Amino acid sequence: MNLKKVRINDFWIYQIIGWSLYISKEIGQSGLGYYFGSIQSVLRTFLVFGGFFLMTVVLRYVCRYIYKKVASLIMIILLVSVISIIFSFIWLEFRIYISFLIQAGDRYVDYYNGHLDYLYMLLQGAWVPFVWAILYFVIRYWREMTSEKERAQKAIMLSQRSHLKMLRYQLNPHFLFNSLNSILALVRENPDQAELMVTELSDFLRSSLHYNDRLSIPISEELEITRKYLAIEKIRYEERLEYAIDASKEVLDILIPCFITQPLVENSIRHGLETNAMGIKILINAFINGDQLIIEVANTGKLAENWSFGVGLQNIYDRLENSYLSNFGFSLIEDKDFVIARISIDIKK
Amino acid sequence: MKRLTALIIDDERLARIILRRELEIFPMIEVIGEAIGVNSAVNCIKELNPDIIFLDIKLADGNGFDIFDKIDYKGKIIFVTAYNEYACRAFEINALDYLLKPLSKERLKSVINRVFSDDQGQYSTEHLKVRYDDRIMIEQKSNFHFIKVEDLVFIKANREYTTLFVNGGKEYLLLKSITDWQKRLPEEHFARIHRNSIINFNYIERSERIGNTAILFLRNIAEPVTVSKRHYKMLKSRYFYK
């Protein structure tokens, strides 16, 4: 909204500057007396330039329409030329009519009566709307290029910020220190499992650091990171955590923003175990439904009565919005004994 | 030396195993039970009445602090936690201690040593400010209470005692001077407004000016509190015209 407002103001600033220059030039050529010598000429001057000004206001809407609908440069120039001649014709007739009205001894009238050099007049008059329209296109294009650049910079900034946030997630100190504490216990109790946990934990941390450099990854890799995370948590929570991951073959290569499912799983474990201390089951599904890619993370349990999108879920939502604009859905629902976080992404075939 | 009994409360089996194993090194500590959550902990404490409890704050069915709302316990509490090591502070530090996960033998040793030593001077935290998102432990006749600092509304002095007004309506009487409170509470949220009162700004509902001083109405507190002349100037310059 703000941007639009600025543009409208700019339009009028350009208008005023442009017209001031043009009028100065005209006065410089023909002298002040010609325009302001008598009451009649002042009246005519105002009417002529007023008409001119009004014309460009109409021209603006025509140009705006062309700018949006026509992509070819040659077509634009052709159209602008034709329109300029039409406007010039209208303007010329308008001026002649005014001159007749005011009877100020206009040279145009003499021309018109004398040599019928109408075509010359027409072309001369077309110059003004033509230059005006070309300037409109050039300025508008230049402005849009600049704002495009600004938008690109903003996108980079957003993704960098989400990277920082992601890093904070993955290096969740609770997860890290609790895992290390489990390893400490396993070293003597079950050395094989301690070894396994050290490698799984290292892999998980490495992939989270590595994938921070990338905006999106194939679903297969995303699910592998999530599986590692679950394997570590499984060692910690033992029989209290059961999980299954199921992805149909056709989705494996589809690219999605990385670290979308792992925070959902983290959320599931935290809230699931809170509502059901005895243990939870987590099911992850990825499949295609019509022209939508669906990713679901479901856990046994119930939604808390006054639940809301926490920081973690909001972050996922923001990143999805950044990647897919409005072509996605993200919801948290309760279905039978499960709480399901569902991401749906429109995919074009 | 008298042998002390201990109870381990943690919802992760591996975390209980490592703590039990490390405690075997200390012959004067006897682990007499394990609990996995708030409810089982309440039962164990009732039944076993341990001298020490090792407590993880985050439990399967709730929060470690909840235990003390359900049962009277006046032994020693040692928090065993992964990260928020300062989630709770107390004036009387000898009732409380902390261990961090992953568990370190060295730190466990010094914690156990402190349990048996009478001299707490070295480990005094009197000078430590509490943070707004902390809890503070207060001791009552038969029990400990863990109060969120953000729930403190108003502290009123009464000779050498202070009364704590907590959001939700509870009041606690403590043998603690108002100056002690002033030293420990974070200044961004609390201010001394009178010789005998400290308030939490976040609970001010409105103020009424009377001459060159004022009275403040606090949320859920029936009686308005008076700001003394001396403190009014400070209050005005620091908080009202930010």
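Asn143(B) sits in the loop between β9 (135-139) and β10 (144-148) of chain B, where helices (H or I, at least four residues) and strands (E, at least two) are DSSP runs numbered from the N terminus. This is a predicted model, so to speak of local features takes pLDDT of at least 70, side-chain atom pairs count only at pLDDT 80 or more, and totals for chains, interfaces and linings use all residues. Residues are numbered from 1 along each chain as its sequence is written, chains are lettered from A and ligands numbered from 1 in the order in which they are written, and side-chain values use heavy atoms, with hydrogens and water left out.

**Around Asn143(B)**

- Is Asn143(B) buried or exposed? Asn143(B) counts as buried because its relative accessibility is 6%; buried means under 20% relative accessible area, exposed over 50%, and partly exposed in between (1.4 Å probe, protein chains only).
- Leaving out residues up to four places away in sequence, Asn143(B) touches Phe68(B), Ile71(B), Asp72(B), Tyr73(B), Lys74(B) and Ile138(B), with contact meaning heavy atoms within 4.5 Å.
- One of these neighbours, Asp72(B), has its side chain joined to that of Asn143(B) by a polar contact of 3.2 Å.
- A polar contact is a pair of N or O atoms within 3.5 Å; within protein, one must be able to donate a hydrogen and the other to accept it, and residues adjacent in sequence count only if both atoms are side-chain atoms.

**The two chains, one at a time**

- Chain B has 6 helices and 18 strands, and 53% of its 242 residues are buried.
- Of the contacts in chain B with a separation of 6 or more, 53% are between residues 24 or more positions apart.
- Chain A has 11 helices and 7 strands, and 42% of its 349 residues are buried.
- In chain A, 72% of the contacts between residues at least 6 apart in sequence join residues at least 24 apart.
- Chain A has an accessible surface of about 20,300 Å², and 63% of that belongs to carbon and sulfur atoms.

- The size of an interface is often given as the accessible area lost when the parts come together.
- Here the two chains bury about 1,900 Å² between them, 54% of it on carbon and sulfur atoms; buried area is the accessible area (1.4 Å probe) that two parts lose on being put together, summed over both.
- Glu12(B), Leu14(B) and Arg21(B) supply 32% of the area that chain B buries against chain A, more than any other three residues.
- How many residues does each chain bring to the contact? Chain B brings 19 residues and chain A brings 20 residues.
- The rule finds 7 residue pairs in polar contact across this interface (both at pLDDT 80 or more).
- On the side of chain B that touches chain A, helix α1 (residues 13-23) gives the most, with 7 residues.
- That side of chain B divides into 9 nonpolar, 1 polar and 9 charged residues; Ala, Val, Leu, Ile, Met, Phe, Trp, Tyr, Cys and Pro count as nonpolar, Asp, Glu, Lys and Arg as charged, and the others, Gly among them, as polar.

**Salt bridges between the chains**

- Side chains of opposite charge can pair when their charged atoms come close.
- The rule finds 4 salt bridges across the interface of chain B and chain A, a salt bridge being a side-chain nitrogen of Lys or Arg within 4 Å of a carboxyl oxygen of Asp or Glu.
- Among them is the pair of Arg240(A) and Asp11(B), at 3.7 Å, N to O.
- Glu12(B) and Arg236(A) form a salt bridge at 2.7 Å, N to O.
- That pair joins two chains, because Glu12(B) lies in the loop between β1 (4-9) and α1 of chain B and Arg236(A) in helix α9 of chain A.
- Both Glu12(B) and Arg236(A) are buried.
- Arg13(B) and Glu238(A) also form a salt bridge, with the closest N and O atoms 2.4 Å apart.
- This pair runs from Arg13(B) in helix α1 of chain B to Glu238(A) in the loop between α9 and β2 (241-247) of chain A.
- Arg13(B) is partly exposed at 33% relative accessibility, whereas Glu238(A) is buried at 17%.

Note on methods:
Accessible areas come from the Shrake-Rupley method with a 1.4 Å probe; for residues, only the protein chains shown count as cover.
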